[in-house]
Amino acid sequence: MTQPRKPRFPRLLVTGGAGFIGSCFVRDVLARRDGTRITVLDKLTYAGNRANLAPVESDPEQAARLRFVVGDIADPAAVGPLVAEADAVVNFAAESHVDRSILEPVDFLRTDVLGVHVLLEACREEQQRARAGERSAAPRLLQVSTDEVYGSVETGESREDDRLEPRSPYSAAKAAGELLVRSYFVTYAMDVVVTRGSNTYGPYHHPEKLIPLFVTNAIDDQQLPLYGDGLQRRDWLYVADHAGAIGHVLEHGRAGEIYNVRGGNERSNREVVTALLDRLGKPWSLVRTVADRPGHDRRYAMDGTKLAALGWKNKTAFEAGLAATVDWYSENEAWWRPIKSGEWETYYRRQYGARLAGSRDAG
Ligand code: NAD
Ligand code: TYD
């Protein structure tokens with residue numbers, strides 16, 4: 001058997017590692033069995049779930065290389081000592097749902113902006129320690145950002161040096177976070193990289209987002225609230241591909257650079273919903289047209305040339321990834337049913353109560 005390659009960063013701090021994409025990254029890195037040790041720092045908000053790391057925790061060899069710390073990236077006392085022990089920090093921690101950012105933006109500023117600043121300051125402290133000879137190198141920081149920072153792209157594909165024109169409190173906070181990261185590269189020559197990923201889907205995705213919401217509602221023959229005309233377009237990226245791209249940029253990306261992570265699977269929301277209903281064998285009549293999201297971005301699309309030149313390729317075709325995702329939700333009700341209770345019910349009423357009451361046939 002060939003030995004796994006020695007990791008460039010043997011000790012990782014993964015913030016937000018109990019969320020959707022972060023937990024996939026943690027599962028996939030630990031499953032390489034290359035000796036990498038991971039500390040997860042996660043606040044366990046409504047979106048964080050330790051069950052996302054169950055496959056790791058049930059494998060003694062992997063579990064021994066994982067440490068889980070419950071804490072806030074915006075808390076310097078929690079962050080400082082963990083960054084001090086890390087060779088690299090990968091920041092997935094964020095408030096991540098556009099609709100919640102429209103209902104209540106403040107948590108987005110705290111985590112997606114101030115939290116990033118706290119991580120940067122902790123890394124700067126370590127840079128100073130490295131310069132003083134107290135550690136071998138400063139930690140590298142990878143900031144996980146999003147295609148939503150470009151705003152709505154009516155035609156063409158966003159490139160990394162395009163203007164940022166975020167239009168929701170979520171995307172504005174993410175843009176602010178990554179601009180801070182950039183400023184620390186320019187001002188302090190810190191070792192930072194940024195990825196901008198497109199709409200991600202796959203197992204362990206919180207049911208507030210389009211695909212898991214519609215799949216789990218359809219399993220229960222509940223209505224599917226489609227915003228506006230449903231002709232908004234997104235570029236879909238399978239979660240394992242997104243996590244893999246982040247690992248690739250962590251290892252090979254140039255300091256100070258930004259890399260788009262495109263899925264190459266542009267679909268309208270209606271096309272996505274048709275495909276998931278087909279897979280489930282459920283009727284289109286479940287779909288209801290509801291009042292649109294305010295400021296709804298019509299389309300996201302990114303150019304992926306820069307990351308391709310770095311040697312990364314997307315592996316999963318949308319049809320295969322969607323089928324695997326739908327099947328996973330069908331087989332893992334024990335994972336999502338508890339999430340769709342408690343706080344969820346209050347959120348659901350607030351977000352969809354009036355919308356569904358005033359809904360109409362989706363044609
Ligand atoms: P998620 O909402 O599923 O997970 C976020 C995680 O961060 C949760 O575990 C939560 O508990 C944790 N968290 C939140 N606030 C925290 C804080 N203050 N301190 C520590 N932990 C905190 O999100 P996701 O979909 O996995 O997204 C991960 C990252 O990827 C985010 O930065 C998001 O902006 C970005 N992104 C997401 C997508 C997507 O389609 N999901 C696409 C592109 C980029
Ligand atoms: P979402 O999964 O929230 O991701 P994002 O807003 O980050 O793209 O939404 C994906 C698309 O689906 C977006 O155009 C909004 C739409 N959508 C609905 O039509 N109904 C819903 O209930 C949700 C959650 C999303």
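Start by selecting helices α4 and α6: α4 passes α6 in a right-handed crossing. What you have open is a predicted model, so enjoy the tour with that in mind.

**Stop 1: the helix pair**

Colour residues 76-84 for α4 and residues 106-131 for α6, then look at how they pack: the angle is about 40 degrees and the axes are 9 Å apart. Are the two helices parallel or oblique to each other? An angle counts as roughly parallel under 35 degrees, and α4 and α6 are therefore oblique.

**Stop 2: ligand 1**

- Phenylalanine 20 places a backbone N or O atom 3.0 Å from an oxygen atom of ligand 1.
- At lysine 43, a backbone N or O atom is 3.0 Å from a nitrogen atom of ligand 1.
- At leucine 44, the distance from a backbone N or O atom to an oxygen atom of ligand 1 is 3.4 Å.

Switch to a surface view here: on its own, ligand 1 has 840 Å² of accessible area, and the protein covers 97% of it.

**Stop 3: ligand 2**

Move on to ligand 2, which has 20 residues around it. Glu148, Arg234, Arg293, His296 and Tyr352 are the ones that come nearest.

- from an N or O atom in the side chain of glutamate 148, 2.4 Å;
- from an N or O atom in the side chain of asparagine 199, 2.9 Å;
- from an N or O atom in the side chain of arginine 234, 2.7 Å.

How much of ligand 2 does the protein bury? Taken alone, ligand 2 exposes 510 Å², and 97% of that is buried by the protein. Highlight α5 (98-103), α8 (210-219) and β8 (224-227) to find the elements that give two or more residues to the shell around ligand 2. By residue class, the shell of ligand 2 holds nine nonpolar, five polar and six charged residues.

Notes
Residues are numbered from 1 along each chain as its sequence is written. Chains are lettered from A and ligands numbered from 1 in the order in which they are written. This is a predicted model: local features need pLDDT of at least 70, side-chain atom pairs count only at pLDDT 80 or more; totals for chains, interfaces and linings use all residues. Side-chain values use heavy atoms; hydrogens and water are left out. A residue is near a molecule or strand if one of its heavy atoms lies within 4 Å of it. A polar contact is a pair of N or O atoms within 3.5 Å; within protein, one must be able to donate a hydrogen and the other to accept it, and residues adjacent in sequence count only if both atoms are side-chain atoms. Accessible areas come from the Shrake-Rupley method with a 1.4 Å probe; for residues, only the protein chains shown count as cover. Helices (H or I, at least four residues) and strands (E, at least two) are DSSP runs, numbered from the N terminus. Ala, Val, Leu, Ile, Met, Phe, Trp, Tyr, Cys and Pro count as nonpolar, Asp, Glu, Lys and Arg as charged, and the others, Gly among them, as polar. Axes are lines fitted to C-alpha atoms, for helices over the stretch in contact, and angles run from 0 to 180 degrees between N-to-C directions. Angles under 35 degrees count as roughly parallel, over 145 as roughly antiparallel, 65 to 115 as roughly perpendicular and the rest as oblique. A crossing is left-handed if the near helix is turned anticlockwise from the far one by less than a right angle, and right-handed if clockwise.
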